[in-house]
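Me: I'd like to learn to read a structure feature by feature. Can you take me through this one?

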Amino acid sequence: MKLYPLFKNRICIFSFVCITLFSCKENEKQVLSEVHESTVDYTAKVYPLLDTENSRWFFFSSANRPFGMVNLSPDTQIGGAWGSGYRFKTDTIKGFSHIHAWQMSGVSVMPVTISEENKSNIFKDFYSKFSHEKEQIVPGFHSLELERYNIKTQLTSTKRVGFHQYTFPENENAAILFNLNTFLGPCNNSEGFLEQNDAKELSGKLVMDATHRRPKPLTVYFKVKLNSEIDILEKDDETGNYLVSLKETNKKVLMKVGVSYTSVENANINIDTELPNWDFNEVIEESKDEWNNLLGRIDVKGNTEQAQRRFYTDLWHALQGRRIINDVNGAYPDNTGAAFRIGQLPLDKNGKPKFNHFNSDSFWGAQWTINTLWGLVYPEIMADFTHSLMQYYKDGGMVPRGPSGGNYTYVMTGASSTPFIVSAIQKGVITEDLEGIYQALKRNHMLNGIMGKAGYEHDTNLGGGLKHYIENGYVPYPIPEGKFGGHQDGASMTMEYAYQDWTLAQLAKKLNHEADYDYFLKRSNNYKNVFDKESSWMRPKNLAGVWKQDFDPYQPENGFIESNGAQSTWFVPHDLQGLANLMGGTDKAVEKLNAQFKTAQELGFTAGNSHSQELHPEYSRIPINYGNQPSMQTAFVFNELGRNDLSQYWSRAVVNKAFSGLSPATGFNGDEDQGLMGSLSVLMKIGLFQMNGGTEENPNYQIGSPIFDEVIIKLNPDYYSNESFTIKTVNNSESNVYINRVKLNNKKVESYKLSHNDIIKGGELKLEMSNKSN
């Protein structure tokens, strides 16, 4: 990922800022000064503790770089993917692990002191209490004190190397415990091995065992370099843990841990390339620079300090979670075939990989989130991920929707990578080998492609019901062949496939595949086959065409994926006017959706405050849930039906209720899924949205209701113009949520839409706000 001097020169690196729970007040109303300095430390605005009472293994980040292979942070819970990692209310550190990724974990270490009292049991009993009062967290850095040992532990990293600094108490026997054989987060770590190479170096490996979601094991290799000499290396046969005792104890101990999924040699190369020095503070500053360069792509002014801090926390979440898996030399793990192999990414003329390869949760829901945010603000990231998805196709024959461990996981449903890649092409981010990409995506949409597989269905192509969708125009519920994967919910699958077919049709049209365009466009109308005109809801039906009996549109799942029928009925992003016609006309559709919003508002727009609560009776019947992907586009449905005022009103209401908190107890109120909710929150707050995921020619952006006085988007000159696009609001306030007049570069805009080409040229969008709808 490149760092652009254009952005870097505008950032002033201030003194290190410590973020704690007590620095944020939930009801803070202090309005920022109108004077906005041109040099801003954006990392100081990030609140890493957001939602950490509800987080899971890959949610929390601190000592990491954007999309880093290493995501180094303390773990207070380690057993299972859910409710694990850094959990704010747990006061005990169980280790500092280097890998917090989708279905992956590994290399947990713990600095300790050895005494006569604990030496016999240290391999089993090494956890330590800590206090948030002595904790410091900003992007790229984490510091805390292990109370049991009186050790100050500080963490930072490069992309592939964890960097530790331990301050041990004087005259104590210092040691570092490597917990290599344990159930850590989502998977079991086994076959852990550590050996000493010389006086200050070690190397090792462990196996991340297969999980229900990630079907094959993967070995992680690591290299360890210390600035202190090793006294003795001991292994405990019962636990498999290793203890590294150090000779020197009266100085700060520095430790580098380089990680690789290909070899110890490449782990060492990662260290030598990314972290050749021992200057801990310099690495912190470099990490801060990198985060500031990305966070600073969007500069916001106005509103409250809390609103700005929450905004940059959301943006920070949109830039992580998904992890690099290739080494600096381009070697990467390929698990897509019958046997594991080490792959090699193409290199540029300087011998560096042309793109990075990734471990990633699903792109399910990305059409309303990172498609738009990355495509506009971070096109180089969108390009990297597109190339990575295509590398999986070259290796394994399918474009993945959520790869982990160098392999397919078949997480969620459909072909969710299609809208992402088509959007990248339509925005000009990807310009080469379009025909090859099209053929790869088309394969996914046909029999034996990824669309035919339901969640985590590794061994068959039956759970996705694609055969029935092609033959009968819908996926039946239940699928008559039986249960082969998760999320075999026919009504939702039919709507999802129809939308994704529409996006593929747009690429077929671009490439002049007229017959394919007609074919996939026809399939995109299949959503109509699961709409029940009598009830005016989407409704599951079986293979014989009989509607589900005793249908309740507010009953969760039962034909709908992670949602209920009321929420999922509006999942027709490519043809909302067609949906309205089925409902009896635009007015009836607007009335219906508006009533749903009024009910959802009483429940806070979300099904509880975490993903695990969505099926609870007190939350599951909400008609719109902004805590998960299936209905997070609904506020902008009004925009497509000619009621821009209702889009403005309800999008602002959702932001205020669901995406404005700033504490460990709240944040995304559901399933953040590696940047999807963070991206959604950012887009709603700057007032730009793309209903169909930006997949049509010269994609449109719907205008919402920005919460800031000014938003400056600094365009990447390698892809777009060397300019900024500015959104200015006049008379903006909590009550002035409506837009009465729109001007682009001083010219009146009649609609509430902008084209991609209009935005990437740079310029100014001026929105006159009011408390009355126009």
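Me: How many aromatic pairs does the structure hold?
Reply: This is a predicted model. The structure holds 34 aromatic pairs. Take Phe67 and Phe385. Their ring centres are 5.5 Å apart and their planes meet at 65°, so this pair is edge-to-face.

Me: Where in the chain do Phe67 and Phe385 sit?
Reply: In distant parts, which the pair links. Phe67 is in the loop between strand S1 (63-64) and strand S2 (71-74). Phe385 is in helix H6 (residues 379-396), 318 residues apart from Phe67.

Me: Is Phe67 buried or exposed?
Reply: The cut-off for buried is under 20% relative accessible area. Phe67 has 1%, so Phe67 is buried. Phe385 has 2%, so Phe385 is buried. Both rings also belong to one aromatic cluster, made up of Phe67, Phe358, Phe363, Trp374, Phe385 and Phe420.

Me: What is the geometry of the aromatic pair Tyr469 and Tyr497?
Reply: Edge-to-face, with 5.3 Å from centre to centre and 85° between the planes. Tyr469 lies in helix H9 (residues 466-472) and Tyr497 in helix H10 (residues 490-510), so the pair ties together parts 28 residues apart in sequence. Both tyrosines, Tyr469 and Tyr497, are buried.

Me: How many residues of H10 are buried?
Reply: 19 of the 21, so H10 is largely enclosed by the rest of the structure. From first C-alpha to last, H10 reaches 30 Å, close to the 30 Å expected at 1.5 Å a residue. Just after H10, Asn512 takes a positive phi of about 65°.

Me: Now the sheets. What is the strand order in the open sheet of nine strands?
Reply: The general idea comes before the order. Strands of a sheet pair through backbone hydrogen bonds, either parallel or antiparallel. Here the order is S7-S8-S9-S10-S18-S15-S14-S13-S12, with antiparallel pairing. Strand S7 (136-138) and strand S12 (183-184) stand at the edges with a single partner strand each, so one side of each has no neighbour in the sheet.

Me: How many bridges join strand S14 (residues 201-208) and strand S15 (residues 218-226)?
Reply: Eight, in the antiparallel sense. Glu201 stands opposite Lys225 in S15.

Me: Which strands does helix H2 (residues 264-274) lie across?
Reply: Strand S10 (161-167), S14, S15 and strand S18 (253-260). H2 runs at about 45° to S15. Helix H3 (residues 280-295) lies across strand S8 (141-146), strand S9 (151-157), S10 and S18, running at about 45° to S9.

Me: What is Thr153 in contact with?
Reply: Thr153 is found in strand S9. Its relative accessible area is 0%, so Thr153 is buried. Leaving aside neighbours within four places in sequence, its contacts are Phe96, Pro111, His142, Ser143, Leu144, Leu146, Gln165 and Tyr166.

Me: Which residues point each way from S17?
Reply: Tyr242, Val244 and Leu246 point one way, Leu243 and Ser245 the other, and all are buried. Five of the five residues of strand S17 (residues 242-246) are buried, so S17 is largely enclosed by the rest of the structure.

Me: What sits between S16 and S17 in their hairpin?
Reply: Six residues, with Gly240 in the turn at a positive phi of about 80°. Strand S16 (residues 230-235) pairs with S17 in the antiparallel sense over five bridges. The bridge partner of Lys235 in S17 is Tyr242. Strand S11 (residues 173-179) also pairs with S17 in the antiparallel sense, over four bridges. There, Leu177 stands opposite Leu243 in S17.

Terms used: Residues are numbered from 1 along each chain as its sequence is written. This is a predicted model: local features need pLDDT of at least 70, side-chain atom pairs count only at pLDDT 80 or more; totals for chains, interfaces and linings use all residues. Side-chain values use heavy atoms; hydrogens and water are left out. Rings of Phe, Tyr and Trp (its six-membered ring) pair if their centres lie within 6.5 Å; planes under 30 degrees apart count as stacked, over 60 as edge-to-face and the rest as tilted. Helices (H or I, at least four residues) and strands (E, at least two) are DSSP runs, numbered from the N terminus. Buried means under 20% relative accessible area, exposed over 50%, partly exposed in between (1.4 Å probe, protein chains only). Two strands pair if DSSP finds at least two bridges between them. Contact means heavy atoms within 4.5 Å. Axes are lines fitted to C-alpha atoms, for helices over the stretch in contact, and angles run from 0 to 180 degrees between N-to-C directions. The expected span of a helix is 1.5 Å times one less than its number of residues.
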